[in-house]
Structures are given as C-alpha cells and as structure tokens.
Amino acid sequence: MNHDLELSGVEKRFGGTTAVDSIDWTGGGGVIGLLGANGAGKTTLLKMLATVLVPDSGNLRLLGHDPARADQRLAIRRQLGYLPQQAGLYRGFTAFDLVDYVAVLKEISHRSTRRDEVRRVLHDVGLEADMHRRIRTLSGGMQRRVALAAALLGRPALLVLDEPAAGLDPDQRLRLRTVLSHAGTASTVFLSTHHTEEVAAFCRQVLVLDRGRLVFDGTPSLLAATASGRVWVDDQPHPAALRSWLTSHGEVRSIGTPPSGAQLVEPTLDDGYLLLTSEIGTPS
Amino acid sequence: MTTIDRWHVPADELGRYASGAARSFEIASVEAHLVACASCCAALAVARASMTTGDSASDASWSRIVDRIDQPRRVLRMATSALQLCLASPPLVAATLGLASILLVLIGILTVVDAPQSLPVLLALAPLAPVAGAVCAFRPEADPAGAMAPATPLAAGRLPFLRAMVASVVTLVAGLAASAVAPLSAEVLLLWLLPGLALTATVLALGTWFNPTNLALVLAGGWVALIVSWWTRHRPVPEQAALADFATDPRAVRLACIAIAVIAAAICHLRRDARPNWRSQ
C-alpha cells in the first residue's frame, strides 16, 4: 500500500472553529478525490497537505517526511505541486513568464531545461497558443489553467489541487481529466471538488469530509453503493425522504428510506454522497 | 540560495548525473543545487574520479582545482540570482519605489517649510517608511505566484524575508540620500534613521512569531504616540533644545537602536526556518 500521505489525529482550529477534526488516514498513489460541502474543511486540509499550514495537533507525514521540520518540509516542497483555490497570480506577466517564474521558485535553474518544461506543461493544459498573452487578458478558465500548469511543473510526486475544475468548460474538463489521470499513474494526485462526476470519472479513491470529520473512505462505486435500495423516483416528494429534487425528466428523485411500493432506481455517486451527508446531519 | 544548504543530492542521483545517465529534470535539479553546495561539488568530483580509469587521480585533483577557481563565480551567481528573484516582483518594486518617493518628498517639504512642527512630523513618519517596505514584502500579493508561492522550495521560506530586507534598505537609502541633499543635521538624520532601522528589524524578528502586518501596526502606533507625547510636552520646539530633551543621552539612544537591530538580526537568522509560510495570512 502506498503511504505517501499519513495523517494521524490531525486537527486544525481557527479561533473557536475546528476546521479539521482529528483525521486519521493513510494512503496515496493515483487520483484521490475529496468531496465535501462548503466549509467542510477541504481547503484547510489541502493547505496542510501542501505544507502551507501546520496542524495544531496530530501527526502528518508527506512522502515520508514530516512537514513540521524545516529541512523535511523543504524536501517535500521539492516534490510538490500545489494549486490553491484562489491562486492570485500577478496579472501583468504573460502566461509563459508566470509559469517560468514558478519554475525558478521550484529550483529549475537551467534555462533551456526550464523553458522546455514550461512549454510542456502549458501544452498539457492546452495553452500553447496563448502562452504569450498577459494573464489579465485571459479568461477565468484560462487563468486557472495557467495556475494548473505551474502546479504540474517538474512532474511532482505529490499534486495537491483545490478544485482544479472550477471555471473550466466541458472541453477543458475532459482535458483536465486526461492530464490528471496521466499524472496519477506516477504520482499521488489529491484533489478537492464539488463535482461528483469528476470523482466518478477518474478518481481511484474518494474521501468525504463533513464539518471537518472524515466520514467516508473508499472507492467511488462503494460510495454510490451506500445508496443502493434507498433511491426512488415518484411524481411528488415523499415526506419521509431525506432529500428530494426534480429531475430533467419531470420526475422527483428521492433518497432515504423508500416507502412501500416505491420505484427504486440505480444509485449514482451523487445519491451516495447526498445520502451520506444528509444522514450525518439528521439527528437519530 | 541559502535555502538549499541543508539538503544534499542523494548519492545514487549524483552517480547518475556524473555518469550522464540522469534524466533532464534531474540534471536541472542537481545543477541548481551544485551552484550553492560546495559539499556536493566535492562529492561529484569524487564520483567522477571513481568512474574514470588511467589518470583518475589527476582528474580528481583537477576537478578540485576547477571547483576552487569556480567558487567565487558561484557565489556571485547566487547573489545575482537572489537579487533577480527579489526584483521579480513588480508589485513590491512599485510599492518600494512609492515609499522611497514619499520619504523623499516628506523630507523635502519639511526642510523647505521649516515650521515648528517639521521635526516631530519627520520623526514620527520617516522611520515608518522602511517598516512599511518590509510589511509589503510579506503581503501575499508581493509574489507574482500569489498563493502558489508558499508551497515552493524557494519562495516559501527566505525569499519574502530577503525581499523585506531589500525593500527596507532601499527605502532607508532613499531617506539617507534625501537627508544629505536637504541637508539635515547629523543629529536629526540619526534621530529618524536609527529608530527606523530598529523598528524594521523588530518587525522582521518578531514576525517569525506573529503576523508582520499586525505587528507593524502596533509598533507604528506606539512610535507615533511616543513622538506625539514628546511634542505636546515641548511645543513650540526649538530644534536643538528638543533634540537634547528627546534623548537626554543621545549616544545611549543610538547604541540602543543599533543593539536592537543586531539582536533582531540574530533572531531572524536563528528563526529563519521557523514558519512554514512567511506571508501575512
């Protein structure tokens, strides 16, 4: 089993709020998706995995190193690619110059090697035609891809991506899946997302975070299977349903304990995720 | 870069590099490190020597000689690249030049106006310019890579710190030049310059524990309050009398400022890797 990421009782608090609450988890290798509602603690957890924040308590080891120790933190950063939720890139640089600058920060000092690497990552994210445009003239999705390209520099052993698909159109999302799936064959790619279809499409493993706690760890199909026999469609919402919503087919899809005679349907990853988070929020 | 002085190239990677079997990316990484690490250069020379046959001993000696000859050039390259990295921040360069200009204008106006309030205003504001320069360097916007920078080997640790020092020094030098041109008396010059140095060094040192922006605001508030309190007790202010009163023992005050700056510099050096992320959050 891959132990690139080892978390033991990891906690992070901001004032009186516990953002990440005593997480124990070990894993790595391939693409791992992190699902959770807004405020569930995904970004805080990702910042800790990116060595930007240190846990208040518990032990964290990344790629076999302890990020709390300065020398080991540096060793991790040499093998790390990080895409924050809001990259905040300087808008006066061109895409090429910005990624080139990040390559310098990543200690790729040999000029021609660095430039080849910059062109490679910009090509991977589909920005080869726009690499000499200034960041301020690029669309939000393109700016996101510039940041993603910078994260991919140097084929890092650990890629930590906070909502990499945000702002991307369907074509760009497909390209992103290809790039990350490819990266996942040799590295650990840990990404957060709101989109369960992203997780279903290319994540080997999925974690669900709810109010700072890890409430699920398994494969996407296992998460979908948790809703097996608990999803049905009807022409109106049922009072016993935990969640109900109108589908594009004009029928009401519900999750929870189905009433007798309900028309059960095959659960999706969305159903599994919604059922899991709804049940946690429901007093027993 | 001094950030890479504790890590060394693993023996197997160095061996691949020496034999020409390293991948292109490994080559870049190893070369980046060799520029700054004499120990790895020596290990590389040994690795190369062990691979050669025949006159391997003379090759190894030759490598050591070349290494010794190259050392000053490497140091120069390191210094140049560190300065280039410091300057590769247009927002910080703009902020530093802005602060230096404000200080120049302030000194110019106060010299020309020559009002009783000129001295207290100068003493209250001029030492805060280098402090503001240092704080700007710790803002997340100061790095073109924004929030990505803290997770990179170079920008995460000492680069913001180095930039803070460069911004402060540029501002201090601008103030020094303006004071010389104005001209201000040596006593007045030292009265703003040394507290400016001490305040900036204190922000940098205590910034290894606390948020530098909040810290600077507290120190600046304290400094302005001190000057205002002194001024309200001595209005109108004949310059020489005021100077004598402000520091009953000016020499002791100067030495205290220098001592604070030296102690702060030592703390900065000892705690340079203490925080995972130097930026103000």
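**Packing between and within the chains**

Analyst: Chain B puts 33 residues into the contact and chain A puts in 38; two residues are in contact if their C-beta atoms, placed from the backbone, lie within 7 Å. This is a predicted model: local features need pLDDT of at least 70, side-chain atom pairs count only at pLDDT 80 or more, and totals for chains, interfaces and linings use all residues. Residues are numbered from 1 along each chain as its sequence is written, with chains lettered from A and ligands numbered from 1 in the order in which they are written.

User: Why are H5(B) and H6(B) called roughly antiparallel?

Analyst: H5(B) and helix H6 (residues 118-125) of chain B pack at an angle of about 165°, their axes 9 Å apart. Angles run from 0 to 180 degrees between N-to-C directions, with axes as lines fitted to C-alpha atoms, for helices over the stretch in contact. Over 145 counts as roughly antiparallel, so H5(B) and H6(B) get that label.

User: Which residues of H5(B) and H6(B) make that contact?

Analyst: H5(B) brings B:Leu106, B:Ile107, B:Leu110 and B:Val113, while H6(B) brings B:Ser118, B:Val121, B:Leu122 and B:Leu125. By class, that's 7 nonpolar, 1 polar and no charged; Ala, Val, Leu, Ile, Met, Phe, Trp, Tyr, Cys and Pro count as nonpolar, Asp, Glu, Lys and Arg as charged, and the others, Gly among them, as polar.

User: What does A:Leu98 touch, leaving out residues up to four places away in sequence?

Analyst: Its partners are A:Leu89, A:Tyr90, A:Phe93, A:Ile135, A:Val146, A:Ala150 and B:Pro144.

Conventions. Helix = DSSP H or I, 4+ residues; strand = E, 2+ residues; numbered from the N terminus. Parallel < 35°, antiparallel > 145°, perpendicular 65-115°, else oblique.
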